Amino acid sequence: KSNFFYGYDVLSKDKQHLLRNAIKLAKERQEEIVDQGIRLIEKKAIKPIGCMRYCKIENSNNFQSPMLLCKLALFIMDAYRAQTTKNPKHFVLASYNDKSNSYTVVGIPSKKYIGDVNKSPFYNAFEEARKRVNANAKIVFFEGHVIQIH
């Protein structure tokens, strides 16, 4: 509810500075996504394995939010699609959080499973992995699935 009212307030004439600040922040985040994605591709940090690709970001980074990590993974997948005519591959991206000593792992299927999240290859795989290591899990995004491993 508070996000709705905050968004509504931004539209009023006397609070246009909030809208400008939000747009500036969104641009900065998008630049971070593009920069990090290009760095990972250029460093050849993305590894193919069978029907998927994976990448692990080890060092301290700004990609701790599951949503931001999803956006980075989607950017990388789009970059690979633009470079090849081969069938797209699933993508798994893990990011280390040094503050909580945990990994956030995002799985993005190569095709959309609109309306039936259970058909995604990551739904069952992440659920099984979560049970095996007793991890905290969040499976909440339409584009992909997220698991946090402590």
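Which residues line the largest cavity? Arg 53, Ile 76, Met 77, Tyr 80, Arg 81, Thr 84, Lys 86, Asn 87, Pro 88, Lys 89, His 90 and Phe 91 do. Helix H3 (66-83) and strand E3 (90-97) are the elements that each give two or more residues to this lining, and H3 has the largest share, with four residues.

The model is predicted: local features need pLDDT of at least 70, side-chain atom pairs count only at pLDDT 80 or more, and totals for chains, interfaces and linings use all residues. Residues are numbered from 1 along each chain as its sequence is written, and side-chain values use heavy atoms, without hydrogens and water.

A cavity is a set of points, on a 1 Å grid over the protein atoms alone, where a 1.4 Å probe fits but cannot get out; a pocket is an open set with protein on both sides within 12 Å along at least five of seven lines, and lining residues have an atom within 4 Å of a point. Points are joined across faces, edges and corners, and a volume is the space filled by probe spheres set on them. One cavity of 30 Å³ or more is counted.

The second largest pocket is lined by residues including Val 92, Phe 122, Arg 132 and Ile 149. Helix H4 (121-133) and strand E6 (145-149) each give two or more residues there; H4 gives the most, six residues.

| Site | Volume | Lining by class |
|---|---|---|
| Largest cavity | about 100 Å³ | five nonpolar, three polar, four charged residues |
| Second largest pocket | about 170 Å³ | nine nonpolar, no polar, one charged residue |

Helices (H or I, at least four residues) and strands (E, at least two) are DSSP runs, numbered from the N terminus. Ala, Val, Leu, Ile, Met, Phe, Trp, Tyr, Cys and Pro count as nonpolar, Asp, Glu, Lys and Arg as charged, and the others, Gly among them, as polar.
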